[in-house]
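Visitor: I have a model to look over. Can you walk me through it?

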Amino acid sequence: MDEVVSQILEKQVLSAAKAVEDKLDEEIAALDRLDPDDIEALRERRIQQMRRAAERRAKWRALGHGEYTEVPEKEFFSAAKASERLVCHFYRDNWPCKVVDKHLSILAKQHVETRFVKVHAEKAPFLTEKLRIVVLPTLAIVKNAKVEDYVVGFDELGGKDDFSTEDLEERLAKSQVIFLDGEGSAYAAKQAAATKRSVRQSDTGDSSDSE
């Protein structure tokens, strides 16, 4: 499974990198149209943004963001209070839960703004009863220390276990527990690529019409 996750992650990282490269090309073209004062102001603003972003990422990683980890029942509430956004997978050792593990391992690395954890349901009777966890797998969507939504089983993901990481990513984004414009977002990279293809097709069509 680690090899499969590694291959999927590598593919999506490459896609995300291509999207970032395209965005940089657009920014460079815009810079060519600016005068020196505008460039200096833009540079300073960008430095400040990068510094704040680095500070946020360092804080998130110190809280365990960027990795998909298991937490015992007694640590769930402290984790929920420490992180503004948290996705908790209530699982047991079965195939459907392993499928969710695979996708969450990828998303945890892509969405550092959110903490991803899992809790063994059979070892957390108090927590599963309090949160009314019945069906496994269940994802609890926690924001500001409150459980605001659930993804129960695979019903919202096509009803089968062959859903993609992007499908789960989009579902979590609907609950606003992750940002689709995250640096490593597979969905954002996919949308950027689709937009670029659409623009290219449009340009081709215009050229054909002019001829």
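Visitor: How many bridges join E4 to strand E5, and in which sense do the two run?

Guide: This is a predicted model. Strand E5 covers residues 146–152. E4 and E5 run antiparallel, and the bridges that join them number six.

Visitor: Which residue in E5 stands opposite Leu 139?

Guide: Leu 139 belongs to E4, on the side that also holds Ile 141 and Lys 143. Its opposite residue in E5 is Val 151.

Visitor: Which residue in the turn between E4 and E5 has a positive phi?

Guide: E4 and E5 form a hairpin, with two residues between the strands.

Visitor: With which strand does E2 pair, over how many bridges?

Guide: Strand E2 spans residues 85–91. Arg 85 has Lys 143 as its bridge partner. The pairing is antiparallel, and E2 joins E4 over six bridges.

Visitor: Is strand E4 largely enclosed or open, and why?

Guide: Buried means under 20% relative accessible area. Thr 138, Ala 140 and Val 142 point one way from E4, and all are buried. Leu 139, Ile 141 and Lys 143 point the other way, and they are buried too. Six of the six residues in 138–143 are buried, so E4 is largely enclosed by the rest of the structure.

Visitor: What is the volume of the largest cavity, and which residues line it?

Guide: Searching the whole structure for cavities of 30 Å³ or more finds one. The lining of the largest cavity includes Leu 139 and Val 151. Val 100, Pro 137, Gly 153, Leu 157 and Leu 168 line it as well. The volume is about 40 Å³.

Visitor: How many residues of that lining are nonpolar, polar and charged?

Guide: Gly counts as polar, and Gly 153 is in the lining. The lining divides into six nonpolar, one polar and no charged.

Visitor: How many disulfides does the count give?

Guide: Cys 88 is buried, at 0% relative accessible area. Cys 97 is also buried, at 1%. A disulfide needs two cysteine sulfur atoms within 2.5 Å. By this rule, the count is zero.

Visitor: How far does helix H2 reach from its first C-alpha to its last?

Guide: H2 runs over residues 36–62, which makes 27 residues. At 1.5 Å a residue, 39 Å is expected. The reach in the model is close to that, at 39 Å.

Visitor: Which residue with a positive phi follows H2?

Guide: The phi in question is near 100 degrees. The residue is Gly 64.

Technical notes:
Residues are numbered from 1 along each chain as its sequence is written. This is a predicted model: local features need pLDDT of at least 70, side-chain atom pairs count only at pLDDT 80 or more; totals for chains, interfaces and linings use all residues. Side-chain values use heavy atoms; hydrogens and water are left out. Buried means under 20% relative accessible area, exposed over 50%, partly exposed in between (1.4 Å probe, protein chains only). Helices (H or I, at least four residues) and strands (E, at least two) are DSSP runs, numbered from the N terminus. Two strands pair if DSSP finds at least two bridges between them. On a 1 Å grid over the protein atoms alone, a cavity is a set of points where a 1.4 Å probe fits but cannot get out, and a pocket is an open set with protein on both sides within 12 Å along at least five of seven lines; lining residues have an atom within 4 Å of a point. Grid points are joined across faces, edges and corners, and a volume is the space filled by probe spheres set on the points. The expected span of a helix is 1.5 Å times one less than its number of residues.
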